[in-house]
Amino acid sequence: MRAFVGRGLALPRLDRHGDLRWQPATVSAVTAILKNPAYAGAFVYGRTWQKPSEIPGERPQKSPRRGTDWRIVVREKYPAYIDWETFEKIQAMLRDNRAEYQHIKSRGIPRDGAALLHGITYCGECGHKMAVRYKGGSQYVCNHLKIQRGAPECQNLRAAPIDAQVAAAFLEAVAPAEIDALSKARKTHLQSERALRHAEEQQVERLRYQAALAERQFNRTDPDNRLVTGELERRWEAALSELRRAEEALAQRTMHKSNEPLGVPHDLRAKVIALGNRLPALWDNPATRRDHRKALLRCLIEKVVMRRCARDKAEVRIVWRGGATTELVVTLPVNAVAALPRHKEMVERICALARDGAYDDEIARILTQEGHHSPWEADKVLPITVRRIRLKHRLKVRHRTRWPAVADHLTVTQLAQRLRIPVKWIYVQLKRESILTTREASGRFLFPDNTNALQAIRSLRNHHIAKIDLREDHHEK
Ligand SMILES: [Zn+2]
């Protein structure tokens with residue numbers, strides 16, 4: 001609309017009586033032309049339907065049907081100005097712009113948050129836009145059907161690995177793409193410039209014809225009929241001045257045009273290449289804000305379609321602006337034991353060992369030796385993984401002493417319990433060698449479980465004696 005108004009180009013419209021009128025462009029006129037399938041050569045019936053009003057008693061309202069719901073479509077009925085593909089592309093752009101205008105949400109302007117592709121991700125399963133969920137790290141979630149129809153969630157994918165690979169693909173593509181985009185934009189600009197110029201020339205042609213017509217009409221009237229002659233003279237003059245304005249504007253534009261440089265200037269091209277080379281460093285720079293990174297991605301990426309193809313793999317398709325695509329396969333971290341390749345075997349082994357009374361850390365050690373690993377670890381099983389699986393299968397750690405008991409002997413703990421004295425005091429005496437007793441190879445102290453020994457320790461505790469020797473070999477001597 002602005003381009004037409006700026007150049008004083010009129011648009012052909014039908015008035016109430018079905019007569020052709022050339023009128024200044026308005027938004028509604030431009031939109032009506034863009035949305036009219038007749039310009040793509042198609043005859044269409046049933047573009048609107050009577051939508052029942054939400055207020056009871058009110059008359060139904062005329063409302064547009066979506067393109068796919070049109071009742072009758074006969075293609076190639078009229079000479080087409082644009083092909084059907086272009087028409088559909090325009091419709092998509094209009095929908096997109098409208099979405100952007102109405103709810104910013106749908107077009108993916110950069111938003112805060114960790115997920116880099118927020119707003120431009122689409123589900124490869126059902127085609128709906130994906131949302132971001134921040135739950136233990138960001139995820140791309142397709143919950144459209146869940147929200148709309150209560151169906152189960154379509155899919156969810158970890159954002160971080162996908163973001164990383166898409167960013168890498170972006171940086172890889174950036175240098176040639178920038179330059180391509182620049183020259184492509186330049187070409188498009190020149191094309192539309194040419195089209196507008198053609199329209200201007202046609203307009204001048206039309207005005208010339210109208211002026212000639214008005215002149216003929218004026219010449220044909222009876223000069224005595226002053227009223228008619230006056231009106232026709234006025235029309236003729238108006239047509240001439242309109243023609244003159246259009247001709248002048250066209251001439252001026254032609255003059256300006258010759259001063260405009262053609263193609264991409266050399267220094268600008270060099271600048272773009274330099275920027276392309278600097279971009280990876282800029283990207284990695286911690287000072288670069290996340291929303292800037294997001295905005296950068298959106299300069300080149302139209303959307304990203306993703307689909308989980310295996311438990312730990314996602315197919316990711318990047319749709320670049322301009323329609324080219326790049327396919328990636330992203331490996332996703334496995335976040336559950338159930339997703340580990342040998343998980344069944346691992347669970348069975350843990351249960352078996354736990355039933356045998358092994359401790360979690362022991363089980364973890366054994367499983368590590370057998371080549372298992374925890375979900376987030378590359379080469380080892382963590383005791384916490386064992387514990388989780390064990391508790392899930394309701395297996396308690398069997399209570400057992402760590403070392404087998406020795407008949408007629410007490411450990412430090414047992415002795416402390418028996419005599420109601422602190423464990424620490426016993427250790428202090430052992431260290432001072434106030435108590436000498438047998439020591440196993442493992443380092444465990446053992447005290448003879450008999451009245452004499454216990455009595456001796458009581459005496460030591462009450463400071464009646466300074467030293468006791470409970471060593472077996474000593475007694476036997
Ligand atoms: Zn989906």
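**Close-up 1. Helices α9 and α10 cross at roughly 140°.** In this predicted model, the axes of α9 (residues 343-355) and α10 (residues 360-369) come within 10 Å. Axes here are lines fitted to C-alpha atoms, for helices over the stretch in contact, and angles run from 0 to 180 degrees between N-to-C directions. Helices (H or I, at least four residues) and strands (E, at least two) are DSSP runs, numbered from the N terminus. The two helices, α9 and α10, are therefore oblique to each other; angles under 35 degrees count as roughly parallel, over 145 as roughly antiparallel, 65 to 115 as roughly perpendicular and the rest as oblique.

**Close-up 2. Residues where α9 meets α10.** From α9, look for Met346, Arg349, Ile350, Leu353 and Ala354; their partners in α10 are Ile363, Ile366 and Leu367. Contact means that C-beta atoms, placed from the backbone, lie within 7 Å.

**Close-up 3. An open, four-stranded sheet with mixed pairing.** Its strand order is β7-β11-β12-β13, and the edge strands, β7 (121-123) and β13 (325-331), each pair on one side only. Strands count as paired if DSSP finds at least two bridges between them. On average, neighbouring strands of this sheet are turned by 25° against each other, direction ignored.

**Close-up 4. The antiparallel pair β11 and β12.** Eight bridges join β11 (residues 301-310) to β12 (residues 313-320).

**Notes for all views.** Residues are numbered from 1 along each chain as its sequence is written. Local features need pLDDT of at least 70, side-chain atom pairs count only at pLDDT 80 or more, and totals for chains, interfaces and linings use all residues.

Methods:
Two residues are in contact if their C-beta atoms, placed from the backbone, lie within 7 Å.
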